[in-house]
Amino acid sequence: MLKKIFDTLRPTFTEGKLSAFRSVFDGFETFALVPNTTSKSGVSIHDSIDSKRIMSMVVIALMPALLVGMYNIGYQNALAAGALATTSCWSMFLFGLAVMLPKIIVSYLVGLGIEFVVAQWKHEEIQEGYLVTGMLIPMIVPVGTPLWMLAVAVAFSVIFAKEIFGGTGMNIFNPALIARAFLFFAYPTTMSGDAVWVAKDQFLGLGHQLPDTFTCATPLGEAGAGMEITTDMASMFTGLMPGSIGETSVIAIAVGAFILLWAGIASWRTMVSVFVGGALMAMLFNSTGCASNPAVAQIPWFEHLMLGGFCFGAVFMATDPVTSCRTEKGKYIYGFLIGVLAIAIRVLNPGYPEGMMLAILFMNMFAPLIDYFYVSNNINRRAKRAKQQ
Amino acid sequence: MKQSYKIRKGLDLCLEGEATHVLDIPPMRSEVALKPSDFCGVVPRVLVKEGDSVLAGTPLFSDKATGAVKFVSPVSGVVRQVRRGERRRVLGIHVQPDARQTFKEFSVEGWERFSAEEMKQLLLDSGLFALLRQRPYDVVPNPADKPKAIFVSAFSKMPLSADFNYVVEGQEEDFKNGLRALACIAKLYLGISPEQVNTAILPVKEADVRIFDGPNPSGNVGVQINHIDPVNKGETVWTMAPEDVIFIGRLLRTGRVNMTRRIALAGAEVKEPRYMEVPLGSKLSDIVNGQLCEATHLQRIINGNPLVGRQSTQEDFLDAHATEVCVIPDGGDVDEAFGWIMPRFNQFSTSRSYFSWLQPKRAYNLDCRIKGGERHMIMSAEYERVFPMDIYPSYLIKAIITGDIDRQEALGIYEVAPEDFAVAEFICSSKLELQRIVREGLDTLRKENA
């Protein structure tokens, strides 16, 4: 049935009036039907894995964190309105869904739109990488980010972080984090501080209207300001605390991590080393303290790993195969340094209480250097062997 | 105690239609053809005309570059056609075989005492030298070169490949004599699998025998060379397939070139997968006629195994280095919806996003669809999982794609042949044509270094 539809439409898109949308047509066709082109050279048979399947698995792995994030939007709203007892779970979730959905739609519309244009321009197939990036971006911004800002950030990152390098697989920096970094540096007031972590406006009668002046700090924000952290351990696990939408729930992220590792898409080497690096660095600060920022330095190491974007970054961002180290041994160093840097930035930088984004972007930049040493090692070994002969 | 190597990286693939140990000798009906394209790096000079009568062992063409390497007719008969393609490139020399085969006689008296030069000359005259391959570049060697060593791997772990233990049955002495002849020319290494330790192909005291235990591609001679004595820049090694070593043994025993090979006819589309004894260059229709399953879907005939073989038709001829003919579903007529999310229980994948990990022993019936679009290299260290050599395959591939010759050399391109990348190409999620890329890289490098 599907095939018939595509067969009748094909001539219009290949030669006919709509040939300017050929890439889009191809994209939808390969989305609906497995392409039945057969191999002409090299191996006759192929593994069934392809980049569509890989990206779909990552999106599936993101789902638990997204769903908990939606619920948390409603929960924080009700909590702030003091109406927790009178608001049902279901309506809290619906409110979160209603707040989140426009963000996801804007992200995909803008990002995929640019991808479609570029693919058509280069006469290539549409690449699937943005399916993941487009889901990640709304999840790593505060709930108060306006849609137009999201659209600008998405456009910036897709064009300048990805397409100018040649598309998925060629980029140096993680596009989702570039979008966040762009927002962070271009609109600092809406990306940090105490006013952006709770949705304040009613939406289609859902949720509670909060005054514009309402503020609520994230746990790391509280510590950064020298206050006691008011969030308990249970909330850190379940994710019922203020923070960027997808990053709060440790349990949901753990489910995602399990899916990624089980499917063999994310590297356990990177993931484990990020946690090891972060834990060691936090322990170091626990014992030495830090004069300029004592409260953050004294957060117990295990809480450090559960707060802010640490888990989310370690599981979904650091393990991005394109921007991380491409040698297996390099991944240990790469991950370890991300963990170390993230905690170091949190503690030593008094201006902003989160360090995961900058740590990963910084190590994205150094990943090729780490690889360079391992590959050079191999090259030198070969050269030495040739000399001995 | 023989030195043994445990190989961990790689992938054993189990396909439906493994050939059973039953031998069939089909009658020779059609022409037999020798194709210059089977011998990489050779520019042919044709030595016969249409209508000439040839014996089995008469040279059909020689290599223009050296003139010394000759390619001989596998059968006796009449030259029917010198088939040419674009710009008069020779595509094949077709010989209609006689009913009774006659052979050219070679003098092999006292071969045990031959010097290296005499042995090399005998192989050149008899045309068996052409079956040797050289690294670097994976081409027919230049007889003037002095190889560091000669490597033979006595097994293959490729899917549906012919089982050499069965192929060699009854010809063990020929195999051993062939090895002895090669050992005359240079130091000889023989790579065997652990199951072959106590078989009749041993002992051969002239060869340095090493045991390789591990999944495909542990049977690739390239992998074995990399573990035993890797090729450095400026060095050459020669390799020979074990089936061709038997040809040398036969020549030494009888004084005749008899290029009849026991090949596997395998694959899910073959009614009774089994072995066939046919001369090299046989027409594929002679081999597969009446052997295929009745099917309404497309079938694909592969000259060789599904990982390194070449897509062919019944009108094609058995490749000089092919040890099997496989027939599997083509898949060009299969429509499958939403492959990116469906469970697809009948599909094989090394990724656990499919369910083939639940049945590691199951034999799969895979078709020839690529099952995805070509992308840039996205996943990291993907090839490294199945590439058991001290080389970074993804970096080497990138160096070849970008045409950076210095870097290719530094990363070890002299040690590899396209077939070493077959498993990596199979699992590649970006669907890059690695074997083609490597072949082109080697060809360019050879031209540059000439």
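The model is predicted. Between the chains, 63 residues of chain B are in contact with 51 residues of chain A. The largest nonpolar core holds 134 residues, and a second, separate core holds 104.

**Contact between the chains**

- On the side of chain B that touches chain A, at least two residues each come from strand S17 (299–303), helix H7 (393–401), helix H8 (405–411), helix H9 (422–427) and helix H10 (434–449) of chain B.
- H9(B) gives the most to this side, with four residues.
- By residue class, the side of chain B that touches chain A comprises 27 nonpolar, 20 polar and 16 charged residues.

**Domains of chain B**

- The domain assignment of chain B lists domain 1 (262–358) and domain 2 (383–449).
- Between the C-alpha centres of domain 1 of chain B and domain 2 of chain B the distance is 25 Å.

**Nonpolar cores**

- In soluble globular proteins, nonpolar side chains tend to be buried together.
- Within the largest nonpolar core, B:Ile150, B:Leu265 and B:Val325 touch the most other members.
- Helix H3 (residues 172–185) of chain B gives the most to this core, contributing seven residues.
- This core lies between domain 1 (262–358) and domain 2 (383–449) of chain B, because both give residues to it.
- The second, separate core of 104 residues has among its members A:Met100, A:Val274, A:Met357 and A:Ile360.
- Leaving aside residues up to four places away in sequence, B:Val325 touches B:Ile263, B:Leu265, B:Leu284, B:Ile287, B:Val288, B:Ile301, B:Asn303 and B:Leu318.
- B:Leu265, one of the residues that B:Val325 touches, is also named with B:Val325 among those touching the most other members of the largest core.

**A three-stranded sheet in chain B**

- Three strands of chain B, in the order S4-S6-S7, form an open sheet with antiparallel pairing.
- Strand S4 (44–46) and strand S7 (70–72) of chain B are at the edges, and each has a single partner strand, so one side of each is left without a neighbour in the sheet.
- On average, neighbouring strands of this sheet are turned by 30 degrees against each other, direction ignored.
- The antiparallel pairing of S4(B) with strand S6 (residues 59–63) of chain B runs over three bridges.
- Opposite B:Val46 stands B:Phe61 in S6(B).

Definitions and conventions. Residues are numbered from 1 along each chain as its sequence is written. Chains are lettered from A and ligands numbered from 1 in the order in which they are written. This is a predicted model: local features need pLDDT of at least 70, side-chain atom pairs count only at pLDDT 80 or more; totals for chains, interfaces and linings use all residues. Two residues are in contact if their C-beta atoms, placed from the backbone, lie within 7 Å. Ala, Val, Leu, Ile, Met, Phe, Trp, Tyr, Cys and Pro count as nonpolar, Asp, Glu, Lys and Arg as charged, and the others, Gly among them, as polar. A nonpolar core is a set of buried Ala, Val, Leu, Ile, Met, Phe, Trp, Tyr and Cys residues joined through C-beta atoms within 7 Å. A residue is buried if 20 or more other C-beta atoms lie within 10 Å of its own, exposed if 12 or fewer, and partly exposed in between; C-beta atoms are placed from the backbone. Domain bounds come from an automatic or database domain assignment. Two strands pair if DSSP finds at least two bridges between them. Axes are lines fitted to C-alpha atoms, for helices over the stretch in contact, and angles run from 0 to 180 degrees between N-to-C directions.
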